[in-house]
Amino acid sequence: MKRNTCLLIIFFVAAISIYAWQPATSPGPGKAGIEWVEKKAPGFIKSLEELERSLAALNPRDSSTLTEAQKKLGACRLQYKKISYLLEYYFPYEAAICNAPPAPDPEEDEVSTPYGLQVIESLLYSADPWSHLQDYAVQTGIMKNAIQKLLPLIPALNTTDVAFLQGLDLELVRIITLYVTGFDAPELKTGISEAYESYNSIEVACLPFCKDGAEKEDALKIFNRGKEFFIKDSSFNSFDRLGFLTQAALPLQDLLRRLMKRSDGSASFHTALDYTAHNLFAPTALMPDAFPHSENGNYDVLMKLGRKLFNEKALSKNLQRSCASCHNPDLYFTDGLTRNRTLNGSDSLLRNTPGLLYAGMQYMQFWDGRVSSIEEQVKTVLKNAREMGSSEDIIVERLQKDTAYINAFKNGWPDDPGITLAHVAASLSIYVRSLAPFSSAFDEYLEGNYKALTPSQQAGFNLFMGKAGCGKCHFAPVFNGLLPPAYISTEFEVTGMTAGADLNKPVLDTDQGRINVIPVEAYKGAFKTPTVRNAAVTGPYMHNGAFHSLETLMDFYNKGGGGGLGLNVPQQTLLPAPLNLTEKEKKDIIDFMGSLTDKSINK
């Protein structure tokens, strides 16, 4: 479910006023980028006006008017991407007015009706695009008003070099993870052309930061290599995303981050990205401490303690179950079952056991996201009568009988010695958060070993990030619901999941998912998007474990999820249209997912 920051008009007016009083930026390398946006913003306004006229001319008796409106929408999106890097960073509210997802986020208290080009797209491609003439007028009017008020403020933008470069870096992340996947233009399929416009704008803004001579020449080579991919094939389905990523986008990101390192000032946009990492796919690309966690003591001691506690059956009421019983390290921290049994073995648990690899790189835990940290998840499982059935009194009493545990907790928290449930949970969470090895063949490939992936796996990546639409929900680099470019939220999706694996006679699963946590209709049947890293070895799949093979899973998505199978799922976030993948294409995608299997894990 696409998160957004789309606010009421009063909020974006207030946001503009924040910049209205600021002094003009002093001449510097960022000036060229600001002047570029000044020059291109009127073109966006002009394209909005053309879109507005074509929408007003829609006629149900003349199908060409719909085709023309869709064409004008695509052209308007291209104009927006010429200026989006600056708007998204310095004027996020106005950017949301122009290009927010078409569905409001149920968890954002301040969210009102969404606005922008994505909303217009959803209406133009609806069952009755002719019935929204008033909606179209409102949408284009609000966007024009926002940008026109913004125009005189752009020259007065006060920024630092580091902040400006961070804005370019975040735009590059959008290109890599969102634009080329079709995330914000799923029906138009203009993502590649939009990425090209954005890429060109980054070039204009980036080059003045480069030193004359070898550095600028190298930068130009990077930009030219990237452009060659767009010129060679800009088709959405066949664009070589992997080649563009390895030969242009990642080298460019390395350059941007080197420029940030030597520039003055500080970044101002909160993200989970570690800018000391060379690029988005480096093992250290995301900062572990950016995700929910408690204050910790002696890390090395607690890591060792957490690993021991993970295998400790004394944590369960009946002394028969440990964390490793359901999250077996030899099974990539899963159990290989459709659903595990309750503690007393009398019944099945409600949901499939999720894997723990990369679990720390999320903002919500459990399939329905009912807690926000691993510590809370640990406490919940330990106390759950159907899972571990324990209590703080039981756990503390048992562990205090072991001198080794007493010393470990004392050394782990020298300023706060003692065995408590909070300390147990924190120790376990430190261990779980360490389970992010990034040691797959795919990771090797991005590190420069271009023999690490087979041709089928390379084709599978391009399909995953393109035609198949997998990358629109399983976001790189973790390939889970961690939303780019800032990676400060976790997404939930409604796929219309079936109760079983029979797709010929599908029955909708009765598990209501996140709506039981947040009682909003949009969350009916919504579940957290898991990582597909190690998916090849961690079946069964989905929250109910109904699919026992990746082939069945691919068939489900290829047919458009529950909605595409004919089930009534009005709140489905997955497009219900078939993907029309061939058998070979499905195999290539499965082969790519196999390349995401880690070769070494921290057992």
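Student: Which residues do ring pairs link into a cluster?
Tutor: This is a predicted model, so local features need pLDDT of at least 70 and side-chain atom pairs pLDDT 80 or more, while totals for chains, interfaces and linings use all residues. Residues are numbered from 1 along each chain as its sequence is written, and side-chain values use heavy atoms, without hydrogens or water. Rings of Phe, Tyr and Trp (its six-membered ring) pair if their centres lie within 6.5 Å. Such pairs link a cluster of Tyr85, Tyr89, Tyr90, Phe164, Phe209 and Phe269.

Student: How many aromatic pairs does a search of the whole structure find?
Tutor: The search covers the whole structure. Its count of aromatic pairs is 32.

Student: What kind of pair do phenylalanine 291 and tyrosine 363 form?
Tutor: Their centres are 4.9 Å apart, with 40° between the planes. Planes under 30 degrees apart count as stacked, over 60 as edge-to-face and the rest as tilted. So the pair is tilted.

Student: How many residues apart in sequence are the parts this pair ties together?
Tutor: Helices are DSSP runs of H or I, at least four residues, and strands are E runs of at least two, numbered from the N terminus. Phenylalanine 291 lies in the loop between helix 11 (241-262) and helix 12 (299-310). Tyrosine 363 lies in the loop between helix 13 (323-326) and helix 14 (374-383), so the separation is 72 residues.

Student: Is phenylalanine 291 buried or exposed?
Tutor: Buried means under 20% relative accessible area, exposed over 50%, partly exposed in between (1.4 Å probe, protein chains only). The relative accessibility of phenylalanine 291 is 2%. Therefore phenylalanine 291 counts as buried.

Student: Are helix 8 and helix 9 roughly parallel or roughly antiparallel?
Tutor: The axes of helix 8 (residues 161-179) and helix 9 (residues 191-206) come within 10 Å and cross at roughly 160°. Axes are lines fitted to C-alpha atoms over the stretch in contact, with angles from 0 to 180 degrees between N-to-C directions. Angles under 35 degrees count as roughly parallel, over 145 as roughly antiparallel, 65 to 115 as roughly perpendicular and the rest as oblique. So helix 8 and helix 9 are roughly antiparallel.

Student: Which residues does valine 517 contact, its neighbours within four places in sequence left aside?
Tutor: Valine 517 sits in the loop between strand 1 (492-494) and strand 2 (526-528). Aspartate 368 is 149 residues away in sequence, yet 7.2 Å away C-alpha to C-alpha. Contact means heavy atoms within 4.5 Å. The partners of valine 517 are Asp368 and Arg370.
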